[in-house]
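Here is a short briefing for a first look at this structure.

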Amino acid sequence: MEVSFRDKRVLVTAGTQGLGWAIVELYLKEGARVALCARSEDSLNAIRQQFGPQVIARRVDLMDLDATQGFVSDVVEQWNGLDHVIVNPPHSVRTPVSELTLSEWQQSYDAIYRSMLAVVETALPSLLDQDRASVVVISSLAAVEPLDIMPASSVLRGGIAAWAKLMTREYGSRGVRFNAVEPGYIATHVVREGISRTARETGRSTEEVIAGLSKPIPLRRLGTPEEIARAVYFLTSDLASYVSGACLLVDGGLVRGV
Ligand SMILES: NC(=O)c1ccc[n+]([C@@H]2O[C@H](COP(=O)([O-])OP(=O)(O)OC[C@H]3O[C@@H](n4cnc5c(N)ncnc54)[C@H](OP(=O)(O)O)[C@@H]3O)[C@@H](O)[C@H]2O)c1
């Protein structure tokens with residue numbers, strides 16, 4: 001089976017670094033047109049200069065509802081539709097569960113859900129017009145194994161599986177698939193910062209901290225952003241034409257439950 005994304009129209013949120021950028025880069029390499037957003041103008045500009053009309057790179061804060069919806073509707077208008085949407089949410093707060101305030105819960109909800117719902121609601125009419133459209137949400141291993149260091153994300157991400165199934169039941173018969181990818185520990189900027197911080201605080205080397213993190217992972221290493229991008233790519237492709245309402249763990253085997 002030939003898998004081609006040539007001239008497909010793909011929208012990726014939070015796409016200038018880490019998982020988002022690896023996803024953007026893979027679709028661009030495969031010939032798709034990619035619309036992405038982030039807050040820092042410098043990185044957006046560098047991407048515009050490198051890829052020209054193959055990209056729409058817009059400065060948008062996903063915590064701003066109007067700006068988020070405006071971005072998606074402008075892309076739909078400019079490209080006369082969309083084929084795939086990858087929802088990569090901003091980070092949520094890391095406050096311990098005993099100290100989480102109502103406003104931090106709200107902030108985390110806005111980061112993970114409100115931005116996702118705004119993007120999908122705005123893109124949906126256009127996705128329903130296509131033959132084989134799909135949505136992939138970046139969730140987390142915390143959805144299936146709550147992490148003490150990320151309580152808000154753990155609680156909220158637990159609901160994404162239900163959302164993907166409900167959306168599949170509602171829209172599957174109209175040709176749109178909804179799935180999620182649940183990354184484990186992936187060596188992005190934010191994870192590397194956490195590793196350096198732990199090293200400083202505990203007097204260990206970064207190699208020692210990475211070795212400690214890797215020990216319980218059956219594949220004995222952190223994942224790469226490219227490995228998450230390939231899982232997303234698979235789920236949007238025709239290789240996954242009968243996959244919908246699924247959550248794909250990409251965690252090197254870390255989650256022990258079945
Ligand atoms: N890395 C992991 O191990 C891992 C594991 C499971 C789940 N995740 C989830 O995956 C997502 C991405 O994580 P990552 O590690 O790739 O992060 P990252 O390396 O820090 O990259 C974050 C990206 O999001 C953009 N961004 C951040 N806040 C934004 C906002 N409010 N509006 C628009 N763009 C925003 C950033 O650009 P600007 O700063 O310029 O806006 C950047 O492009 C997060 O939801 C994270 O919880 C990550």
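Domain bounds here come from an automatic or database domain assignment. On that basis, domain 1 (9-186 + 225-250) and domain 2 (187-222) both contribute residues to the shell around the ligand, so the ligand lies between them. This is a predicted model, in which local features need pLDDT of at least 70, side-chain atom pairs count only at pLDDT 80 or more, and totals for chains, interfaces and linings use all residues. Residues are numbered from 1 along each chain as its sequence is written.

**Domains**
- The centres of domain 1 and domain 2, taken over C-alpha atoms, are 26 Å apart.
- Contacts join 8 residues of domain 1 to 8 residues of domain 2 (C-beta atoms, placed from the backbone, within 7 Å).

**Ligand shell**
- Ala-14, Gly-18, Arg-39, Ser-40 and Thr-188 come nearest of the 30 residues around the ligand (C-beta atom, placed from the backbone, within 6 Å of it).
- At least two shell residues come from each of helix 1 (18-29), strand 2 (33-38) and helix 7 (DSSP runs numbered from the N terminus: helices are H or I, at least four residues, and strands E, at least two).

**Helices 7 and 8**
- The axes of helix 7 (residues 189-202) and helix 8 (residues 206-214) come within 9 Å and cross at roughly 115° (axes are lines fitted to C-alpha atoms over the stretch in contact, with angles from 0 to 180 degrees between N-to-C directions).
- Ile-195, Ser-196, Thr-198 and Ala-199 of helix 7 meet Thr-206, Val-209 and Ile-210 of helix 8.

Notes. Contact = placed C-beta atoms within 7 Å.
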